[in-house]
Each structure stands twice: as structure tokens, then as C-alpha cells.
Amino acid sequence: MGIVKRKKSFNNEDEVEKLLDESKTRSYSGKEYNVIKSIVLAIILSPILYYVTTILKSSLVADQQIKGDAFAVRIDFAKEETGTKYSLGTHQVAVSIPNSCTKPKIWMRIVGDALVDVPLSKSKAMGASDWSGSFTVPMEGSYKVEARWEGCEGGDSTKEVKQYEFRAVGKAAYSPKDVGGVAFADGAWIAAEKVKANKDITASLSFSSQYIWADPAKVVEGKEMTALEGREKSIVLKESTVTDDVSFYEFQQLSNYELVCWIGSKSAGDIWGSFKALRPQLFPHQRPFKFHYYQATSFVDPDKDWKDNIAFRKCKHILVSLDEPEEPISQLEYKTQVTTFIKHLLNAFDEEHTFPALIWMFTTMESPIDAKNCHDAFMERTTDHPCNDVLKDMFKSSPFPSRVRLLDNTDLTSAKMGEDRESVLAAVALRIFVFVGHQVKAWRDVGQSGGINGLTKNGVTEPNYELVRYDWTQALVE
């Protein structure tokens with residue numbers, strides 16, 4: 001592995017002159033003074049020497065790489081303050097693949113005391129066949145770099161797995177993660193034996209995973225966390241996601257007329273199922289009829305299976321996940337169709353005339369290696385799913401009003417690469433309780449609630465509008 005210790009560099013002549021002046025306050029022999037000048041010269045040249053050394057090391061020293069028949073990986077590990085041990089990161093990664101492969105199936109992750117994704121993207125600064133990325137491990141421990149080559153799309157189908165063991169030391173500065181104005185614990189997939197819970201997780205019949213989504217700060221501190229049972233032998237820890245109990249428990253104030261609705265394919269149905277499994281353990285008094293699922297396998301014709309169900313117009317929280325479309329579409333078609341679909345939702349739930357429903361678009365959970373949707377990518381390639389590349393780019397440029405938000409779950413899905421789906425679903429479902437509770441609190445703080453007679457704001461009730469089927473074929477006014 002390539003490991004380079006950075007030296008202090010002096011960026012201006014004043015610092016160097018000061019050092020020379022200080023040396024003159026003492027009397028030296030000519031030989032001693034020449035030594036001092038040599039040291040100063042070395043300091044001045046250290047940035048150049050560092051750059052040259054880095055280039056030489058990366059190009060000449062073969063044992064600093066993980067080498068496979070079809071790829072090579074080089075990692076520059078960051079070091080802790082003493083410069084003798086690997087720190088938690090950030091560690092830099094460079095991957096080289098054959099020039100002949102334009103659509104490589106390669107992915108990297110860190111396994112060990114935690115499971116961490118290593119996101120890669122095509123490197124503009126390097127050659128056309130080079131990819132680059134970085135990673136940080138969430139806590140001190142023993143790890144392996146796991147580099148997987150799954151062949152070249154439309155060509156070589158050779159598969160390889162290469163590993164490199166290392167140990168990282170240090171303590172991270174943990175802080176909540178903000179998603180659309182909602183705070184979540186900055187969790188990670190932690191080895192189950194490292195986690196302390198209010199019951200023996202690994203002995204539970206409801207647990208079948210080597211890793212569990214947990215708050216690394218609480219793991220490091222040895223704090224006990226609350227285990228919740230999801231679907232199909234999955235476990236999720238309440239403290240892995242919840243940072244603000246006040247807004248979280250506002251979920252219990254959700255009224256009978258503030259429906260939470262899932263729209264989408266099997267992925268949406270699965271998240272809905274995981275949500276329903278957690279609800280009795282968290283909020284047993286919330287009645288199940290408030291949580292609806294509307295199956296959709298197309299962004300163009302979403303209501304094919306529920307055309308006559310006008311209850312859709314009652315939704316106040318709209319959660320969209322459509323990982324299994326009726327027919328796979330290209331990346332460009334996906335961007336166009338998602339944009340139009342969201343505009344229809346904004347039109348169906350016009351903020352001026354209806355309860356201002358929140359719309360959450362979920363990232364896809366499909367493994368990038370096995371991606372069927374968003375084919376024929378037009379965007380710069382990454383190791384993320386090509387549909388997620390679209391969504392992240394769309395919401396980065398903010399083309400929608402603030403009530404349309406992206407729930408980026410790639411921190412949960414990327415390291416798993418399609419494995420242990422039920423644990424991922426349980427963690428995603430717990431996030432829904434958090435942001436719905438957050439929104440209920442925001443509504444109540446401004447005197448807003450939904451009831452049988454309509455929308456009430458600061459004591460004034462506006463009657464509900466007439467429920468009619470929404471026409472998804474209508475022309476939208478730009």
C-alpha cells in the first residue's frame with residue numbers, strides 16, 4: 001500500500017527568512033552554518049520532493065498495490081498524529097482497469113469491525129481507464145479492503161476478489177446528519193458483536209446478519225441501545241437513527257387525516273411492510289389505516305392499479321420508491337419521467353388549495369452491479385446505481401420546491417450491494433418515523449393540523465376540496 005507522510009511546508013519567504021535570522025543569533029562554525037542552510041533548503045523544497053516521491057512510489061513500487069488479473073488498486077492511507085499508525089481516514093483510493101473495458105463492474109468496500117462502502121468515480125485527472133475515491137472507517141478496529149471485479153459489461157465475465165488487511169486507530173468527531181432539514185444519527189454498519197443492546201441481538205431468532213446499523217459514537221462509548229424487530233429476522237436499533245426524541249415522539253400526534261402514503265413498486269411495498277412491523281413497537285396507539293400503499297410500476301401511468309381509488313388525494317406524506325419498473329428505461333428517460341412525475345404530484349397536491357403534502361423521493365436499493373434500470377448512462381460513471389446518480393444530481397441543483405426532498409439511503413444500501421435486504425429495509429423504515437414526526441411537530445408549531453372538516457391553520461379551518469381522480473395525462477403548466 002502506498003503510504004506517504006506529509007511534511008510541513010513553508011508557503012512564504014518570510015517564514016524561511018525568520019528561521020535564518022534566528023540561526024544568526026548564535027555563533028556557529030562554517031560547517032554548522034552550512035548544515036543549517038541545508039536544512040532550510042530541504043524545507044523549501046519539501047513540497048516538490050513530496051510530489052516527486054509520491055509519483056515515484058505510485059509508479060515504481062509494485063508491493064503498494066492490490067493487484068488482480070483485471071485491475072489494480074492503490075491506497076494512500078492517512079496516518080494519525082504520531083505518523084506510525086493508520087488513522088480512521090480519509091484514505092485515498094485509485095483503481096486502474098483495462099483500457100478496453102468501458103463499462104467495468106468493479107466495487108470496493110471495507111469489511112471487519114464495520115462495513116463501509118468505497119464509492120468510486122471516473123477520474124478526470126488521471127487516465128481514461130482510472131477511477132478514484134476515498135473512505136473513512138467509523139471507529140478504531142481491524143479491517144480488510146475488499147476489491148471485487150465482476151467483469152466487464154458486454155465482455156469479459158471474469159470475477160476476482162482481492163483483500164488487504166489493516167488496522168485503524170483514533171476517534172471520530174461524530175455529529176448528526178442533516179437530510180432535508182431532518183437530523184438523523186450518522187450511523188454505520190457495525191459488527192454485531194461490538195454492539196450493546198437491551199437484549200442479546202445475536203442470540204435472537206429475529207437476527208440473521210453479521211452487521212447491524214448502529215450509531216458508532218454510542219458503540220465506542222459502550223452505551224446500550226434499543227433493539228426493534230423488523231420483518232424476516234431483521235433488527236434495527238432505535239438510537240441508530242433517532243437523535244431528537246421530542247420531534248420523534250410527535251409521530252404519535254399524527255391525526256387520522258394526515259395519511260402517510262407509499263407509491264411505487266415492490267421496493268415501496270417492502271418499505272411499507274417494514275414500517276408496519278416497527279409501528280406496534282414504537283407507536284402502538286397509531287391506527288394502521290393511516291398508512292397506505294399504492295402500487296405503481298411506471299412513472300408515466302402510476303395509477304393503473306388504483307384508478308378509482310380517490311383516497312390517494314388525502315395523502316399528506318408521499319413516499320416514492322420505484323426500483324422495479326414495468327420496463328427498464330434509460331438513464332435519460334428516467335430523469336425525464338421522474339421530473340414529470342414529481343411535477344404531477346405537486347399539481348395533484350397544490351399547496352395553495354390543499355394541505356401542503358410533503359413528497360419524499362427515495363434512492364434506489366437495487367445493487368449497481370446488477371442494475372437493470374437506467375441503462376445507457378449519459379452521466380459520468382460512478383460505482384453508485386445509475387438511477388441514484390440522476391437523483392443526486394437533480395436534487396443537488398434544486399429544481400423543485402422545498403417540500404420535495406430526496407431521502408438518500410445509499411449510506412445504508414451501497415456497502416450491502418443487495419445483501420441482507422431486510423436489515424436495510426428496517427433501517428429505512430425507521431427513518432420514516434423520524435421525518436414524519438419532525439414534520440408533525442413543524443405543523444403543530446405553526447398551528448396547523450388536518451381534520452375531518454379540513455385544514456386548520458391558527459384556528460381557521462379551510463374546508464376539504466372535493467376528492468376526484470387525478471388525471472396523470474393532463475398537460476402541465478410550466
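The accessible surface of the protein chain comes to about 23,300 Å², and 50% of that area belongs to carbon and sulfur atoms (Shrake-Rupley method, 1.4 Å probe). This is a predicted model, in which local features need pLDDT of at least 70, side-chain atom pairs count only at pLDDT 80 or more, and totals for chains, interfaces and linings use all residues. Residues are numbered from 1 along each chain as its sequence is written, and side-chain values use heavy atoms, with hydrogens and water left out.

**Overall chain**
- Of the 478 residues, 48% count as buried (under 20% relative accessible area, 1.4 Å probe, protein chains only).
- Among contacts with a separation of 6 or more, 72% are between residues 24 or more positions apart (contact: heavy atoms within 4.5 Å).
- The chain holds nine helices and 23 strands (DSSP runs: H or I of at least four residues for helices, E of at least two for strands, numbered from the N terminus).

**Helix α5**
- Helix α5 covers residues 266-282, 17 residues in total, and reaches 24 Å from first to last C-alpha, close to the 24 Å expected at 1.5 Å a residue (1.5 Å times one less than the number of residues).
- Buried residues in α5 include Ile271, Phe275, Leu278 and Leu282.
- Asp270 and Arg279 of α5 are also buried.

- Strands β21 (residues 448-451) and β22 (residues 454-457) run antiparallel, joined by four bridges (pairing needs at least two DSSP bridges).
- Two residues separate β21 and β22 in their hairpin, and Ser449 stands opposite Thr456 in β22.
- Four bridges also join β22 to antiparallel β23 (residues 460-463), where Pro463 stands opposite Gly454.
- The hairpin of β22 and β23 has two residues between the strands, and Asn458 takes a positive phi near 50 degrees there.

Methods: Buried < 20%, exposed > 50% of the residue type's maximum accessible area, 1.4 Å probe, protein only.
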